[in-house]
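Here is a short tour of a protein model, written for someone who likes to keep the structure open while reading. Have the viewer ready and follow along.

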Amino acid sequence: MRDDRRRHRPGAAPAAVVAGVGGHLPPDVVTNDDLSARLDTSDDWIRARTGISVRHVASPGTATSDLAVAAGRRALRSAGSPRVDAVLVATMTPDHPSPATAPEVATRLGLGDVAAFDLGAMCAGFVYGLGVASGLIAGRAAERVLLIGAEVMTSVVDPQDRSVAVLFADGAGAVVLRAGTPDEPGAVGRVVLGSDGARGELLKISGGGSRERRSGRPPVPGGEYLRMRGREIFRQAVERMTDSSRAALEDAGWKSGDVDGLVAHQANARILAALGAELDIPAERQLSNIAHTGNTGAASIPLLLAEAAGTGRLAPGHRLLLTSFGGGLAWGATTLVWPDVTPGH
Ligand code: COA
């Protein structure tokens, strides 16, 4: 029998509970054939090695905040209330190096002078954001938090780098979290987080920061682009998401067989298959939309939640295991029983 440890103790700190969800994909799409027309690659190679067929991309002039506002608005509608106390935008592609993107998003959403800040944990940003939002709610600094993952990954992709250009794409997803109890549907379990700065080189944008600016040397051409050591990243992604997922399951008192849906960062279909095999969660209990979204960085998990809730793939009461991994390295995992929420339009 399942040993569920999500019992509420009187007087305990409030838990973060999902109250709304929304996603936004920009309308323009790029197919594998479009990429093959300008790069030495093919539809067959991309499908076989990544599982991606098509991805959405922001039109020229569209920035991360534009996608974030669209997803955030939908999540607020889904939650049935425009009131929040804090806005977190998880992104590695902010509109500007400074200030953060979140204050602009909060203002454009008409949320007033609420707390607003960005969170940088690359593709692990949404799961890190769940941890931070849980902390804000547990510490009673906020009762309601809008957490958005939003990226214009195409703004940091070298169009000539075929190994990166085929993977990354644009989008945004958001959840509203409210104060509640750990035993109610939607309550975010303990968020297991980790990092490994010794492997920061595996996925990195090396230019544009204080390291380069204070080096006394001119900027390195192409330093503004994301560089990746694909094979090592692949291995690390599987290992770190597996380990953190096991820790999150253990904390919840769940076994692999209790999980109705594995909601992992949509990095590569082969990474998802390897992760599922490690965790003993078969494909039919994994949620995936990478075939038509590509890797949307910090947006991938909330986008997937919004889409799956909209199609009915995700139903109230489903026990979910969320896990993500990104450059830093940074990773995390948590558990969640899906609540009765309908994505906002
Ligand atoms: N089309 C055709 N060939 C490509 C290619 C592309 N888009 N990208 C790379 N290749 C080539 C390589 O140049 C290499 O050629 P070589 O053998 O002549 O040197 C060959 O394919 C194999 O490269 P390798 O990197 O070993 O392939 P792979 O099976 O590891 O697949 C990735 C490459 C990028 C798809 C894979 O490593 C991957 O998905 N890694 C994780 C990436 C990721 O998820 N990053 C984000 C984490 S948040």
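How exposed is R47, buried, partly exposed or exposed? With a relative accessibility of 44%, R47 counts as partly exposed, because that value lies between the 20% below which a residue is buried and the 50% above which it is exposed. Please keep in mind throughout that this is a predicted model.

## The chain as a whole

Let us step back for the overall picture. The protein chain has 11 helices and 13 strands. Its radius of gyration is 19 Å, close to the 20 Å that the globule rule gives for 345 residues, so the chain is as compact as a globular protein of that length. Along the principal axes, the C-alpha atoms fill a box of roughly 60 × 45 × 40 Å.

Of the 345 residues, 55% count as buried.

Now find the open sheet made of four strands, in the order 8-13-12-11, with mixed pairing. Strand 8 (192–195) and strand 11 (261–264) are at the edges; each has a single partner strand, so one side of each is left without a neighbour in the sheet. From one strand to the next, the twist averages 15 degrees. As a reminder, strands of a sheet pair through backbone hydrogen bonds, either parallel or antiparallel.

Strand 11 runs parallel to strand 12 (residues 319–326), and four bridges join the two. Helix 8 (residues 230–252) touches strand 8, strand 12 and strand 13 (330–337), and its direction makes about 145 degrees with that of strand 12. Helix 11 (residues 300–311) touches strand 11 and strand 12, and its direction makes about 145 degrees with that of strand 11.

Is strand 11 covered on one face or on both? Both faces are covered: G261 and V263 are buried on one side, and L262 and A264 are buried on the other.

## Helix 3 and its cover

At 1.5 Å a residue, its 16 residues should span 22 Å, and the end C-alpha atoms are 22 Å apart, which agrees. After the helix comes G80, which has a positive phi near 80 degrees.

How many of the 16 residues of helix 3 are buried? The count is 12, so to speak a mostly covered helix. The buried residues are T64, S65, L67, A68, V69, A70, A71, G72, A75, L76, S78 and A79. What covers them includes strand 1 (15–24), helix 4, strand 6 (144–152) and strand 7 (170–180).

## Salt bridges

Side chains of opposite charge can pair when their charged atoms come close. The structure holds 15 salt bridges, and a few are worth a visit.

Back at R47, the partner is D43: the closest N and O atoms of this salt bridge are 2.9 Å apart. Both residues lie in helix 2 (residues 43–50), four residues apart, about one turn of the helix. In helix 4 (residues 102–108), E104 and R108 are likewise four residues apart, about one turn of the helix. Their salt bridge has its closest N and O atoms 3.1 Å apart. E104 is partly exposed, with a relative accessible area of 34%, and R108 is partly exposed at 37%. These two residues also belong to a network of salt bridges that links D66, E104 and R108.

One more pair is D196 and R199, whose side chains meet in a salt bridge at 2.7 Å, N to O.

Terms used: Residues are numbered from 1 along each chain as its sequence is written. This is a predicted model: local features need pLDDT of at least 70, side-chain atom pairs count only at pLDDT 80 or more; totals for chains, interfaces and linings use all residues. Side-chain values use heavy atoms; hydrogens and water are left out. Two strands pair if DSSP finds at least two bridges between them. Axes are lines fitted to C-alpha atoms, for helices over the stretch in contact, and angles run from 0 to 180 degrees between N-to-C directions. Contact means heavy atoms within 4.5 Å. A salt bridge is a side-chain nitrogen of Lys or Arg within 4 Å of a carboxyl oxygen of Asp or Glu. Buried means under 20% relative accessible area, exposed over 50%, partly exposed in between (1.4 Å probe, protein chains only). The expected span of a helix is 1.5 Å times one less than its number of residues. The radius of gyration is taken over C-alpha atoms; the globule rule is 2.2 Å times the number of residues to the power 0.38.
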